[in-house]
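Open the structure in your viewer and keep the selection panel at hand. The tour goes from one selection to the next.

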Amino acid sequence: RARVSERAVRDRMLLLVLSCSLSLLQQPRPPLGLGLRPALLCGRRVAIVMAADEAAAQRAEQADRAAAALAQLPPGLYNRVSFQSGGMKQAYAEEECLVLWEALKACYPTEADALAAVDKNSMTVNPSMNSPSKITETHALLVERFGAGKASEIITQNPGILTCTAAAVAAQSDDEILGVTALVAKVDENKGKARLLVLGGLLSVVSLAGTGLLARRRDLRARGVFRSSSEDEKLRRIRSN
């Protein structure tokens, strides 16, 4: 009886296992990757949501910091920098522009003089072109070599020198620095005349191009390659008659 009871228990266990297996096979299989590891998928969803929230928070923080920096810059100054970069947005560009503006402003007697320097060369406050160390170190070098008065005159006539490294400026002689400054000042004085000359040259090129096209048109018409609209109308009348 004991053997019979043990065999009966084994048979019942076997039937139970088989019935469970059949029930699992009959159930619809979930799509690949879904329902197999719900805890893992839930964790991924939570991570994605948290990353999106973090990115949104960073964008909001950048917007607040940019607004605070723009409020401290002179009106329209950052627009010059944005125009140079083609409108491409860079992270924290407003704050970096403010740092450059503060460093540049410290080199000039007044804020109006610093603004005039930016009007001449806006690369002085462009974060992609300049750095605070270039401004401060180059200005200190000019003061050391020429004195405060002459250094102020140099950076007023040629603000672009503050976009150069101090090492590059130190490699130039005094005459070379003064010569470049005089050249930049001369070009700046004749900027209006230079624009007129360029405009006149462009108009001359356009006029010559137009004259050449007209001559080419007449030549093609004479050879019958090209006909005017009036000639086409005459041909249509002849063919219709």
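By class, how many residues in the lining of the largest pocket are nonpolar, polar and charged? The lining has six nonpolar, three polar and one charged residues. The model is a predicted one, and the largest pocket has a volume of about 150 Å³.

To see the pocket, select Asn158, Ile161, Cys164, Ala168, Val169, Gln172, Glu176, Ile177, Val180 and Thr181, which line it. Then colour helix H7 (166–170) and helix H8 (174–189): each of them supplies at least two residues of this lining. H8 gives the largest share, four residues.

Next, stay on Cys164, one of the lining residues. Cys164 is partly exposed, with a relative accessible area of 32%. Its backbone oxygen lies 2.7 Å from a polar atom of the side chain of Thr138.

Move to Thr138, which sits in helix H6 (residues 132–157). Thr138 has a relative accessible area of 0%, so it counts as buried. Show its surroundings: leaving aside neighbours within four places in sequence, Thr138 is in contact with Ser133, Ile161, Leu162, Cys164, Thr165, Ala166 and Val169. Of these contacts, Ile161, Cys164 and Val169 also belong to the pocket lining.

Last, select the cysteines. Cys107 is buried, because its relative accessibility is 10% and the cut-off for buried is under 20%. Cys164, at 32%, is partly exposed. How many disulfides does a search of the whole structure find? The search finds zero.

Definitions and conventions: Residues are numbered from 1 along each chain as its sequence is written. This is a predicted model: local features need pLDDT of at least 70, side-chain atom pairs count only at pLDDT 80 or more; totals for chains, interfaces and linings use all residues. Side-chain values use heavy atoms; hydrogens and water are left out. On a 1 Å grid over the protein atoms alone, a cavity is a set of points where a 1.4 Å probe fits but cannot get out, and a pocket is an open set with protein on both sides within 12 Å along at least five of seven lines; lining residues have an atom within 4 Å of a point. Grid points are joined across faces, edges and corners, and a volume is the space filled by probe spheres set on the points. Ala, Val, Leu, Ile, Met, Phe, Trp, Tyr, Cys and Pro count as nonpolar, Asp, Glu, Lys and Arg as charged, and the others, Gly among them, as polar. A disulfide is a pair of cysteine sulfur atoms within 2.5 Å. Buried means under 20% relative accessible area, exposed over 50%, partly exposed in between (1.4 Å probe, protein chains only). A polar contact is a pair of N or O atoms within 3.5 Å; within protein, one must be able to donate a hydrogen and the other to accept it, and residues adjacent in sequence count only if both atoms are side-chain atoms. Contact means heavy atoms within 4.5 Å.
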